[in-house]
Amino acid sequence: MTDCPEGVFGNNNGNLACEDLPGGTYQRTCSPCNKDADGMLHCNCEGSPPAETSSVRADMCKRFINLNGYLACQPGHEGVPGGEGGAPPPSRA
């Protein structure tokens, strides 16, 4: 299987499947990541205190980065249709 966007794979009941995660370099330093039914992207990222999760609306940006342990819009990729036009403030769940 090589046709997954951003090469993000996951486990779906023992089968290899594409993950529905937005693109970006955050995937190199944030793990595990998931997107919930409400469209929120949740990750544990390097640079954040242990056991804390950074969460943002996945539709806020086309691509995300890890900004000192927080998910943020990659510069130049803010404001996708349906989003509010910029990076959300980092939050911890």
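Student: In the hairpin of strand 4 and strand 5, which residue takes a positive phi?

Tutor: That residue is Gly39, with a phi near 85°, and the hairpin has 4 residues between its strands. Strands here are DSSP runs of E with at least two residues, helices are runs of H or I with at least four, and both are numbered from the N terminus. Before we continue, note that this is a predicted model, in which local features need pLDDT of at least 70 and side-chain atom pairs count only at pLDDT 80 or more, while totals for chains, interfaces and linings use all residues. Residues are numbered from 1 along each chain as its sequence is written, and side-chain values use heavy atoms, with hydrogens and water left out.

Student: How many helices and strands does the protein chain have, and in what order do the elements run?

Tutor: The chain has 1 helix and 9 strands. Read from the N terminus, the order is β-β-β-α-β-β-β-β-β-β.

Student: In which sense do strand 4 and strand 5 pair?

Tutor: Strands of a sheet pair through backbone hydrogen bonds, either parallel or antiparallel. The pairing of strand 4 and strand 5 is antiparallel, over 4 bridges; two strands count as paired if DSSP finds at least two bridges between them. Within this pair, Cys30 stands opposite Cys45 of strand 5.

Student: How many disulfides does a search of the whole structure find?

Tutor: A disulfide is a covalent bond between the sulfur atoms of two cysteines. The search finds 3 of them, taking a disulfide as a pair of cysteine sulfur atoms within 2.5 Å. One joins Cys30 and Cys45, with the sulfur atoms 2.1 Å apart. Because Cys30 lies in strand 4 and Cys45 in strand 5, this link ties together parts that are 15 residues apart in sequence. Another disulfide joins Cys33 to Cys43, at 2.2 Å from S to S. Cys33 belongs to strand 4 and Cys43 to strand 5, so here the parts tied together are 10 residues apart in sequence.

Student: What is the handedness of the disulfide of Cys33 and Cys43?

Tutor: The torsion about its S-S bond is about 125°, so this disulfide is right-handed. The link of Cys30 and Cys45 is also right-handed, with 110° about the S-S bond. For Cys61 and Cys73, whose sulfur atoms are 1.4 Å apart, the torsion is about -55°, so that disulfide is left-handed. This pair links distant parts of the chain: Cys61 is in the loop between strand 6 and strand 7, Cys73 is in strand 8, and they are 12 residues apart.

Student: Is Cys43 buried or exposed?

Tutor: Cys43 is buried, with a relative accessible area of 1%. Buried means under 20% relative accessible area, exposed means over 50%, and partly exposed lies in between (1.4 Å probe, protein chains only). Cys30 is buried at 5% relative accessibility, and Cys45 is buried with a relative accessible area of 5%. Cys33 counts as buried at 17%. Cys61 and Cys73 are buried as well.

Student: How many residues has the largest nonpolar core?

Tutor: In soluble globular proteins, nonpolar side chains tend to be buried together. The largest core here has 14 residues, and among those with the most contacts inside it are Tyr26, Leu41 and Phe64. A nonpolar core is a set of buried Ala, Val, Leu, Ile, Met, Phe, Trp, Tyr and Cys residues joined through side-chain atoms within 4.5 Å. Strand 5 gives the most to this core, with 3 residues.

Student: In what order do the 3 strands of the open sheet stand?

Tutor: The order is 3-7-8, with mixed pairing. Strand 3 and strand 8 are at the edges, each with a single partner strand, so one side of each has no neighbour in the sheet. Strand 3 pairs with strand 7 in the parallel sense over 2 bridges, and Gly23 has Arg63 as its bridge partner in strand 7. Strand 7 and strand 8 pair in the antiparallel sense over 4 bridges, where Ala72 in strand 8 is the bridge partner of Ile65.

Student: Which side chains meet in a salt bridge?

Tutor: They are those of Asp59 and Arg57, at 2.9 Å from N to O. A salt bridge is a side-chain nitrogen of Lys or Arg within 4 Å of a carboxyl oxygen of Asp or Glu. The structure holds 1 salt bridge. Asp59 is partly exposed at 32% relative accessibility, and Arg57 is partly exposed at 27%.
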